[in-house]
Each structure stands twice: as structure tokens, then as C-alpha cells.
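Please have the sequence and the 3D view open while you read.

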Amino acid sequence: MGRYSRTTSTEALQVLTGCLPLDMEVVRAAVRYGLRRGIEVRVPMLRALRLSVADMTEDYRLWFRERMYGEVEEELNREWRNRWRASTKGRITFSFVPDAAGGRRLVSTEMPYAVARLVTGHGMLRAKMFEMGLATDPYCACGDPETAEHIIMECDLYDDLRCIMWRRVGFPFCLAGDVFPLLLENASAYVAFREFAQAAFERRMTSVVGR
């Protein structure tokens, strides 16, 4: 699992690690138990599904149970996606992983801390630290607010590193909102992004020490 800042929101961590919110995990476990035992389970978020196998023959019950396992997963993931879209937390992470249920598929289990900082917007970025009262100002060494998007897209201090990443990735960074998910889901793009992040934060440490 990647290293994430302790200040990263629970919602973002759940998406990045592919873990359903706890209440949904409880629902999934309860429904699976009920289907195995032939007990009807009534769950408001799954009210559209028939969750009882009590009056079925054994052969049909087995088929129906497996089918319902899949439908329950779909319904839970749909609810999770809706929550993630409506949340006010983890919006930097949302720009990288807009599909809550896609986090486990997209996010590398070996994500280094430098990448995690940019994907979450947490972890020593001055704009976030200032917002939390942990820094005296929100500014990057270049003079602009230091956010994840600023480092990836804008900061002059990393122009050369960004150009290298752009050439390796092969798509334009002017499409900021569309590009961020591609930096995780495309294998070669992720490698270029990871190397950019690590080099950028190594350089950043030098500029911070010199301030």
C-alpha cells in the first residue's frame, strides 16, 4: 500500500486503497450472510433488490445467490460512486480517481510518498499546511500558492522535469481535468509521473532549505 499523509481524508483513502466505506462493508457482509442462510435481509440502500432465497429450490437458490452477489456489488459501488461525487473532501484525489470503485484498479500498491502527496494534495504542500495552520504562508518558492496542481501543471521551477514527463506521457497537459486520471491508469504515463514527482520533491527540498 502507498504511503499517505495522516491528514488525508478517510473518503480519499478508501478510494485510493479500494476499500468500501465501513457501513457498506457491513451491508455486504450482512447480505451475503442472509443469502447463504436463506434469511431475508432488508437494507434501505438495496431496497430495489430481492434479497431472500427462502422460497426457492436448492438448484435455483445457488444460481440466484451467485447472481445476487454480483448485483449487490454493483449497487454498493453505485452508491459509493454517488457519495464520492457528492463529497466535499478529497477533491484533489477525485481529479485523479473520479470513479470511487476504480481506485484499486488504478492506484499502484507501490505508490511512493512523492506521488501520494500530489494525488492527495496533502503531505508538506504549503497551501494545505497553511490551511491547517501548520505553515506561515501558502507559497511555493516561485511565489505562487503551492498546491498539487501548481507543481504538476504550472510551477516554473519544474519546467524541465515537466517537459520530460510530457514527452514521455504523450498527451497535452493543457487538458488538466482530463489528464490527471490518465497519469494513473496508463502504465507508461504513471512511470513518467512517478519519476517527475520524485525528482520534483527532491528539487523542492533544496529550494525549501534555501528559503
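R78 and E75 sit 3 residues apart in helix α3 (residues 58-86), so about one helical turn separates them. Helices here are DSSP runs (H or I, at least four residues), numbered from the N terminus. This is a predicted model, in which local features need pLDDT of at least 70 and side-chain atom pairs count only at pLDDT 80 or more, while totals for chains, interfaces and linings use all residues. Residues are numbered from 1 along each chain as its sequence is written, and side-chain values use heavy atoms, leaving out hydrogens and water.

- R78 forms a salt bridge (a side-chain nitrogen of Lys or Arg within 4 Å of a carboxyl oxygen of Asp or Glu) with E75, and their closest N and O atoms are 2.4 Å apart.

**Pairs that link separate parts**
- R204 forms a salt bridge with E146, with the closest N and O atoms 2.7 Å apart.
- R204 lies in helix α11 (residues 187-209) and E146 in the loop between α7 (126-131) and α8 (148-154), so this pair ties together parts 58 residues apart in sequence.
- Both R204 and E146 are buried.
- R203 forms a salt bridge with D160.

**The wider picture**
- D23, E79 and R83 are linked in a salt-bridge network.
- The whole structure holds 12 salt bridges.

How values were computed. Helices (H or I, at least four residues) and strands (E, at least two) are DSSP runs, numbered from the N terminus. Buried means under 20% relative accessible area, exposed over 50%, partly exposed in between (1.4 Å probe, protein chains only).
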